[in-house]
Amino acid sequence: ALWWHGEFERLRALWDRFDHDLVRALARLAEVGAIELATSAGTHVYLPLAHTSKLARLALRTGREQHRELFSDDPRGCWMPECAYRPGGPWSHPATGASEESRPGNEQFLAEQGFQWTVVDAHLLRRGDPAFPYGADLPPGEVVEPSGPHPRPYWIRQSPVAAFLRDARTAAQVWSRQGGYPGDGAFLDFHKRQWPSGLRLWRVTDPEADLQDKLVYWPEDARARAREQAEHFLELAADLEGMDQGVICCPFDAELFGHWWFEGPIWLERVLELAGAGGTVEATTPARELDAQPLLRRAFFAEGSWGAGGDHRVWVNPETDWFWRELGDLERRAFTAVRWGGARRWRRGILNQLLLAAASDWPFLVSMGTGRDYAEERFRLHVSRTRELIELGPRTRWLPDWVHLDMPFPDLEPEWALPPET
């Protein structure tokens, strides 16, 4: 308990040092070139399954504008939610059967917003199975990069958008439940907690150990182990075959560091210390690499994601089909409504609620069996609120009290859903 008290005091001091403004702290790092800040689609909309191009455009423009508002700069990169990509051409929705003879590929939507790079899972280059999908159990030593190493990004088809390919070998070393770093026995166990304080006082001990068999956590041992693993990671990166002084793209969920893996920030800090300028392996940014390597090969990518199976099954399956049926109707009605005109705040309210309903987290939580009731409740709430606003009609002078409390993008413009003027 005393150690936890000290840990909270340390974090409070760090928060005070940032003047309680994490956005500004990140902006300062970007200004000096220490990091590159990218954006994503608003509310993490799953782009290949949007029933309309309007929703895809609206989500991406919202992400770009939010980034500009927060950081006073245009992002050059965009993370496609769930690393989900589809090329242009005929489109059909796997749950509702809705179809279009031709729909632009993700790269066109990205290019319209001025984005210059994104991340694609390597298996989409050759239509193969993913080498290490999200949540996989493969030991790191058994993971082989699909279709060989990829030391350079590729231009996506004929677009001006480059794709950095996610490296499966380094991903497995960090993410794998069988031999990945977070499962080390010295690290803080995520599940066992002391009652009634809720404090975690035990270590992983063994990934297969029962809660009653967990041993006491020793923070200094865990810290030393995380730093050792950082050194191992740099050695692994340096020894990857076929990279030829190329770029290793290693994307991870931010929640891994500190939440699921308590010692993750210690590991990450040490990795960045060791990857300073002049080392065998150096930290870099996508934009820096594009500026240094403008001559890239072009490639065609198949449709898919970084999820299990490498396709869309985590987000669309028999348990989540009803989400997509609701969304298909909701998208059509919402975009029809905002065409009517009406007060801008009314239209903004509709599109904010539509974006919230279309968040990819809701079907993900249902499929993964975590927070199912919460996900379904939130989804139904935003669907209901979207419909409530639509039914008020464009001539309404009254809006429910919840509108101003549940509008994450108050400056959203309905025109963002339209194709750019040429």
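1. His44 lies in the loop that runs between strand E1 (39-40) and helix H3 (53-71). The model is a predicted one, and in it the phi of His44 is near 65°, a positive value in a residue other than glycine. Most residues other than glycine have a negative phi, and most peptide bonds are trans.

2. The peptide bond from Trp195 to Pro196 is cis, and its omega is near 10°.

3. Two packed helices are described by the angle between their axes and the distance between the axes. For helix H5 (residues 168-175) and helix H6 (residues 219-239), the axes cross at roughly 165° and come within 10 Å. Angles over 145 degrees count as roughly antiparallel, and H5 and H6 are therefore roughly antiparallel to each other. The crossing of H5 past H6 is right-handed. On the H5 side the contact involves Arg169, Thr170, Gln173 and Val174, which meet His232, Phe233 and Leu236 of H6. By class, three residues of this contact are nonpolar, three are polar and one is charged.

4. H6 also packs against helix H7 (residues 264-274), at an angle of about 40° and with the axes 8 Å apart. H6 and H7 are therefore oblique to each other. H6 passes H7 in a right-handed crossing. From H6, the residues in contact are Arg223, Ala226, Arg227, Gln229, Ala230, Glu231, Phe233 and Leu234; from H7, they are Ile266, Trp267, Arg270, Val271, Glu273 and Leu274. The contact of H6 with H7 has eight nonpolar residues, one polar and five charged. Phe233 of H6 takes part here and also in the contact with H5.

5. Helix H10 (residues 344-357) and helix H12 (residues 372-392) have axes 8 Å apart and pack at an angle of about 155°. That angle makes H10 roughly antiparallel to H12. H10 passes H12 in a left-handed crossing. H10 contributes Trp346, Gly349, Ile350, Gln353, Leu354, Leu356 and Ala357 to the contact, and H12 contributes Phe379, His382, Val383, Arg385, Thr386, Leu389, Ile390 and Leu392. These residues divide into ten nonpolar, four polar and one charged.

6. How many cavities of 30 Å³ or more are there? The count comes to four. Rolling a probe the size of a water molecule over the atoms shows where empty space is left. The largest cavity has a volume of about 40 Å³.

7. Which residues line the largest cavity? The lining consists of Phe323, Trp324, Leu327, Ala357, Ala358, Ala359, Ser360, Trp362, Pro363 and Phe379. Helix H9 (321-338) and helix H11 (361-368) each supply at least two of the lining residues, and H9 gives the most, with three. By class, nine lining residues are nonpolar, one is polar and none is charged. Ala357 and Phe379 are part of this lining, and both also belong to the contact between H10 and H12.

Technical notes. Residues are numbered from 1 along each chain as its sequence is written. This is a predicted model: local features need pLDDT of at least 70, side-chain atom pairs count only at pLDDT 80 or more; totals for chains, interfaces and linings use all residues. Side-chain values use heavy atoms; hydrogens and water are left out. Axes are lines fitted to C-alpha atoms, for helices over the stretch in contact, and angles run from 0 to 180 degrees between N-to-C directions. Helices (H or I, at least four residues) and strands (E, at least two) are DSSP runs, numbered from the N terminus. Angles under 35 degrees count as roughly parallel, over 145 as roughly antiparallel, 65 to 115 as roughly perpendicular and the rest as oblique. A crossing is left-handed if the near helix is turned anticlockwise from the far one by less than a right angle, and right-handed if clockwise. Contact means heavy atoms within 4.5 Å. Ala, Val, Leu, Ile, Met, Phe, Trp, Tyr, Cys and Pro count as nonpolar, Asp, Glu, Lys and Arg as charged, and the others, Gly among them, as polar. On a 1 Å grid over the protein atoms alone, a cavity is a set of points where a 1.4 Å probe fits but cannot get out, and a pocket is an open set with protein on both sides within 12 Å along at least five of seven lines; lining residues have an atom within 4 Å of a point. Grid points are joined across faces, edges and corners, and a volume is the space filled by probe spheres set on the points.
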